[in-house]
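Let's take a walk through this model together. Keep the sequence and the 3D view handy as we go.

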Amino acid sequence: MILELAPDDLLATTRSVRKRLDYDRPVPRDVVESCAQLAFQAPNGSNQQNWGWVCVDDPALKVAMADLYRRGMRDHIDRDRTGESPYNPGGDARAQERMSESVMFLHDRMQDAPVLLVPTIEARLDGASTFTQASRWGSILPGVWNLMLALRSRGLGSAWTTVSLYREREMAELLGIPYDHNTQAGLFPIGYTIGTQFKRADRGRSHLRWNGW
Ligand SMILES: Cc1cc2nc3c(=O)[nH]c(=O)nc-3n(C[C@H](O)[C@H](O)[C@H](O)COP(=O)(O)O)c2cc1C
């Protein structure tokens, strides 16, 4: 099923879906594979396609991945914040509260998402130059976003998550990802969405500038 969404609406309403993922409805592999084909259309440095797309639908593996996600969340909360700018959350207090509830909902249910995806970049980026970082991250993130758009257009959704990266090495061991040569881009739960209407985001003021900073 392809939703009838105008291109601008598709771009503006592809949200991080956590509470409205249907954790009980199975997702056929061929649906994920058709979205992955669109991910592979994304631009990537020198058209080298130095990426990996690890999809998991094995229940025991998903439980172990969700456990690492929760540990990563704990690491994130407990991290040393020395040198960080003060936290300046966007949106009003009610919106922040809703987001926290949603984050905790996914935290509790991650293992129940029908499919969990870990996209990877074929490189370690620790200590890399800005050029290398930009080139490598820019060679996976457009593909991930293509995949999220493709999911949305088929009535599915995902949520961009990164706290599992605090446990990147353990995730690599679990999934057999060669850690010394690959960097994980995050953990993406995939499922059908409950309903297909999503709102545009409120991003506050525009950050656009013309002719200089
Ligand atoms: C780089 C990045 C990392 C994120 N990490 C997490 C995460 O670890 N857990 C989570 O629940 N959401 C995570 N999010 C989702 C954001 O919280 C979400 O995109 C933001 O609240 C805006 O909501 P929207 O995507 O629905 O517009 C992440 C998003 C991005 C882009």
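First, the ground rules. This is a predicted model, where local features need pLDDT of at least 70, side-chain atom pairs count only at pLDDT 80 or more, and totals for chains, interfaces and linings use all residues. Residues are numbered from 1 along each chain as its sequence is written, and side-chain values use heavy atoms, with hydrogens and water left out. Helices (H or I, at least four residues) and strands (E, at least two) are DSSP runs, numbered from the N terminus.

Let's start with helix packing. Two packed helices are described by the angle between their axes and the distance between the axes. Here the axes are lines fitted to C-alpha atoms, for helices over the stretch in contact, and the angles run from 0 to 180 degrees between N-to-C directions. Angles under 35 degrees count as roughly parallel, over 145 as roughly antiparallel, 65 to 115 as roughly perpendicular, and the rest as oblique.

Find helix H3 (residues 59-78) and helix H4 (residues 93-109): their axes come within 8 Å and cross at roughly 140 degrees. That makes H3 oblique to H4. On the H3 side, the contact (heavy atoms within 4.5 Å) is made by Tyr69, Arg70 and Met73, and on the H4 side by Val103, Leu106, His107 and Asp108. Sorted by class, the residues of this contact are 4 nonpolar, 1 polar and 2 charged. For that sorting, Ala, Val, Leu, Ile, Met, Phe, Trp, Tyr, Cys and Pro count as nonpolar, Asp, Glu, Lys and Arg as charged, and the others, Gly among them, as polar.

H3 has another partner, helix H7 (residues 168-175), with the axes 10 Å apart and an angle of about 175 degrees. That makes H3 roughly antiparallel to H7. Leu61, Ala64, Met65 and Leu68 in H3 meet Glu170, Met171, Leu174 and Leu175 in H7. This contact has 7 nonpolar residues, no polar ones and 1 charged. Also in helix H3 is Asp75. Leaving aside neighbours within four places in sequence, Asp75 is in contact with Tyr166 and Arg167, while its C-alpha atom is separated by 15 Å from that of Met171, 96 residues apart along the chain.

Now for helix H6 (residues 141-153). Its 13 residues should span 18 Å at 1.5 Å a residue, and its end C-alpha atoms are 18 Å apart, which agrees; the expected span is 1.5 Å times one less than the number of residues. Which residues of H6 are buried? They are Gly143, Val144, Leu147, Met148, Leu149, Ala150, Leu151, Arg152 and Ser153. Buried means under 20% relative accessible area, exposed over 50%, and partly exposed in between (1.4 Å probe, protein chains only). The cover over these buried residues includes helix H1 (7-12), helix H2 (29-39), strand S1 (51-56), strand S2 (115-121), strand S3 (156-158) and strand S5 (188-192). After H6 comes Gly155, with a positive phi near 85 degrees.

What about the cysteines? A disulfide is a covalent bond between the sulfur atoms of two cysteines. Counting pairs of cysteine sulfur atoms within 2.5 Å, the model has 0 disulfides. Cys35 is in no disulfide, as the nearest cysteine sulfur, that of Cys55, is 9.8 Å away, too far for a bond. Cys35 is buried, at 0% relative accessible area, whereas Cys55 is partly exposed, at 42%.

On to some single residues. Gln184 sits in strand S4 (residues 183-184) and counts as buried at 2% relative accessibility. Not counting residues up to four places away in sequence, Gln184 touches Val118, Pro119, Thr120, Trp137, Leu165, Glu168, Met171, Ala172 and Ile177.

Lys199, in the segment after S5, is exposed, with a relative accessible area of 70%. Lys199 and Thr14 are 185 residues apart in sequence and 8.6 Å apart in space, C-alpha to C-alpha. With residues up to four places away in sequence not counted, Lys199 touches Ala12, Thr13 and Arg15.

Last, a look at backbone angles. Most residues other than glycine have a negative phi, and most peptide bonds are trans. Asn47, in the loop between H2 and S1, has a positive phi of about 50 degrees although it is not a glycine. Asn211, in the segment after S5, has a positive phi near 60 degrees. Asn47 is exposed at 53% relative accessible area, and Asn211 is exposed at 82%.
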